[in-house]
Amino acid sequence: MPIPWILLVLIVPLAGAGAVAFARTRDQANAVAIAVALALGLVVAFLLQALLTLGALSSYGGLLYVDDLSGLLLLIVAVVGLASLLYSVDYLGRSGSPHEAPLPRLRRYYQLVFLFLFTMYLVAEANNLGVLWIGLEGTTLASALLVGYYQTRRAQEASWKYLILCSVGLVFALFGTLLLYVASVHVLGAGNSELNWTTLVSSGSQLDPGLVRLALVFLFVGYGTKAGLAPLHTWLPDAHSEAPTPVSALLSGALLNCAMYALIRIYAITLRIPGFLWTQRFFLIFGLLSVFLAALFLFVQRDLKRLLAYSSVENMGIIALGLAFGGAIGLFGALYHLLNHAATKTALFLVSGNLALAARTKDLQEIQGALVAAPGTGALLLLGGLALAGVPPFSMFSSELLILSAGFSQGNGVAAGLMLIALVLAFGALSWHLTRMLLGPPGHPYAPETRAVVCASLGLGVVLAVALALGLLLPDPLSQLLHGAVQVVNG
Amino acid sequence: MIVLAVQALDISAAIVLVTAWISLIHRRIEALVDTYAIQSGALGITAGLVAYQYQAPDIYVLAGLTIVVNAIVLPWLLRRVVRNLGVSRMVNMYASVRASALAGLAILLVSVWVVGGITPFAEVPSAGLLPISVAVLLIGFFLLITRRKAITQVVGLLVMNNGIFLAGIALTYGLGLFVELGLAANLLVLAIVARIFLERMKESFDHVDADALRALEG
Amino acid sequence: MTASVPAQLVAFVGEYLLVLGLSPLLLAVLGRVKARTQGRVGPPLLQPYRDLWKLIGKDAVYSKSASWVTRYAPAISFAALLATVPLIPWFVLPSPLGTFGDLIVLVGLLALSRFITALAATDAGSTFGGMGSTREMWMGALAEPVFLLVIFAFGSPAGSTQAGAIAARGVSLGIAYASPPLLLAIVAYVLLLLVETGRLPIDNSATHLELTMVHEAMVLEYSGRDLALLEWGRGFKLAIMIGLLIALAAPWGISTSWTLALVSLAVGIVVIKLLGAHVLVSRLEAGVAKWRLFRVADLTTLAVVFAFGSLALTYVVGGGA
């Protein structure tokens, strides 16, 4: 009997959440975390292998379904989750760390992170759009408490804002899902599988365009809030900056992509409706707004993590634009960018955590001369920053180039031109902040650079390696996965 | 028989709309919570009628869930929060009662105007309820954005959910058992998470007025 | 089916006997139910009749500065209320003389009654009278436009503003008459009824606290027969407003044929409905405290919302068709 990898992906984090409750010491809790992180990495790797050799897998009467697109998200969540968990072990779990947590808090932290991971895997594997919605709402509930982990006034404000805004957004998304269901029942008659994505895609050509358009409005407002698309992004900088650093990495690297994934699933359905261009229009509007607003806000940021958060908004906008331009190239670019952004941004958040520890502040005005004062961290920040700004040979350059060329070649020249302007602005803002942080004399004494902490460096190493490798050469299995995902969307 | 269930749905929709409007004029939090409980109860009974009409076991489950979770457990949780936190019992608002009531009317008119025309589903007899559901959804949203207290924001969210639920039973007779179980569980967890937050907020702010949450801007 | 003239005459007189005779009892029921819910015993049910009898036997006393307005106002006010009775179908359709005016006339007659009472209250120049009448007229200014709107909400599905036509539609549709627009219109009407008849949370007839009273302040100057008329009129107005609500919202049971058996059955039904509605109103009253005067506008705003919503649903969603 083949091993049910699909199910294991969901069971492992739940089991971890159960197991960590029994941890008697902080070391035991850390051990559980490392075990879960590695186990999840392995399970996802095996699942992806099965996926690449056997094709789309479905299980439990079509309730769970994994195709190449889900595979991409699984990969992202697994990599980001692995890095973030390993980093957490040093950041919160190690005794002597400035953020050291007492055992009960540490246990609860790990439990919530495991639940957060569980809900994100559920999103990736759900076939039923209702279940997908439940997964996304679950991510909000699990991560809201993580965002408020420090329980300071600012953290509580940020997490309440996050909880309410995202919940409201998701209520709208639920309404959109319901309308989609109505459209599907209208075509297929009542049964039990109308909300299944596989069913919706196959009957897509018959769905009523008027109803789907109404559904889209609600779905975009809902999932768009969660994905951090401007102007619905207002929760994002607060939540990202107030959460503990490993959680910020999870939010930016994994969670935003889960919401974007939901939109891509909807997009795939509407692509089947003949002559229906509303999804592309929505993506275009939200995408342009996001890249421009974020690029402008990047200039005025004073907080390191808020800077990274706004860059996430910008990159979500770029992905949305890639989807708006469409076609095989645009889609490939968008999905590729999803992956690149996840890896790069996670690495940067983790580096920024180290930098903030070394400089004892997150304030951009006060961090200066990092290359001199903390050469190791500074060098990593330089690498990550260049990657994020989209400098070749880093992978984000390639995906942005693909999206731009798709835009210009598909007759969306104006939009692509605007996107180019925004990219240049964002590049300017990022490099301006980077030079200020890295060069010059350090304004104040830095803490001695954190000694090579095994777990944190491992976590950081994983994502940095992925980010760099992606830019230099696209490994064959990965390219196969990406092409498969494009196939899934385009049909 | 079909006629009876459709009419019951219509009346229930009207009750939901009426309670949504009434929730706009409440000045005491308990009254707001009670109104929400009545609204949920009306929805649950409607779901029961629809289940009886179609002899559908999963809709019975849905009806039971709604009555237990939305009409009993959630209001109970909210009342306890109000009592235990010792928050002032008044609903603080950005919009006056009269402005809120008129906004509620405007929301209904806009919903009717925008979605009233979308009726591609002639075979669903209660499709005319779509505008009412949208109106309830938006009234809940209005409640959420114009009330200052964190707890009233939660009630707004729950009213929004009821609007969706109304649309669910009116248009599709439920979303399938599995999804509905998940939705109910989500609502419960939401209430619990909100409660944890409110308790923490009380510790650090001495009150649970979301208006105090203004430190983060830009 | 049209009835013979004598039968119509009998029914006409019967309506007056029913409403005039029953209204003190209904007021007593109201007070008693309220007392019971508050844990008191309450006055006996025949007390209002005794009060009226006592007051009628006494002469009226007038202030020296009072003009003819004070003398005639109670009679005019009562007469205006009397004139509204045939406009409402009580137990038989088409009701005798039911077509001589519609509900807009009814609103006008109620306004006349209100106006003349308020005018008389200012006539003698006492402070309380003036205070009560300004409050009363302010509430009237809020309530009357809303009343018209509510009537349109009830009337638009039937395409008529005559109570008889609206009730006839309800009787013929049976249970299918119950619809979302109707429900909204009913809620609007109930809110309006509280304002129009001065019930809690708007006005409290049991208090003579100068800061809060409205209607009581206006009739403070009156005594004897005149006071009897005013007090009777107060219960009478409540019965009319509730009777209209019953006719518009739940007309089932009104007889459409003129056979004696059916009509007497309908009389029984309407008495039960009136009693039930009064009990409901008193329950509603027992549950609330008096509001600040300015919240009256909140209540009427909400009534506007409901009435307008009812109209919107009637015309756009087609719930009333």
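Me: How far apart are the end C-alpha atoms of helix 16 of chain A, and what should the helix span?
Reply: In this predicted model, helix 16 of chain A covers residues 395–409, and its end C-alpha atoms are 21 Å apart.

Me: Which residues of helix 16 of chain A are buried?
Reply: The buried ones include A:Met396, A:Leu402, A:Ile403 and A:Leu404, and among them are also A:Ser395 and A:Glu400.

Me: And what comes just after helix 16 of chain A?
Reply: Just after that helix comes A:Gly411, which takes a positive phi of about 80 degrees.

Me: Switching to chain B, how many helices and strands does it have?
Reply: Chain B has seven helices and zero strands, and buried residues make up 54% of its 218 residues. Among its contacts between residues at least 6 apart in sequence, 74% join residues at least 24 apart.

Me: Which chains share the most contacts?
Reply: Two pairs of chains are in contact, and of these chains A and B share the most contacts. Chain A and chain C, on the other hand, have no contact joining them, and their closest C-alpha atoms lie 18 Å apart.

Me: How many residues does the contact take from chain C and from chain B?
Reply: It takes 20 residues from chain C and 21 residues from chain B. On the chain C side, helix 11 gives the most, with 11 residues.

Me: What classes of residue are on that side of chain C?
Reply: The side of chain C that touches chain B has 14 nonpolar, five polar and one charged residues.

Definitions and conventions. Residues are numbered from 1 along each chain as its sequence is written. Chains are lettered from A and ligands numbered from 1 in the order in which they are written. This is a predicted model: local features need pLDDT of at least 70, side-chain atom pairs count only at pLDDT 80 or more; totals for chains, interfaces and linings use all residues. Helices (H or I, at least four residues) and strands (E, at least two) are DSSP runs, numbered from the N terminus. A residue is buried if 20 or more other C-beta atoms lie within 10 Å of its own, exposed if 12 or fewer, and partly exposed in between; C-beta atoms are placed from the backbone. Two residues are in contact if their C-beta atoms, placed from the backbone, lie within 7 Å. The expected span of a helix is 1.5 Å times one less than its number of residues. Ala, Val, Leu, Ile, Met, Phe, Trp, Tyr, Cys and Pro count as nonpolar, Asp, Glu, Lys and Arg as charged, and the others, Gly among them, as polar.
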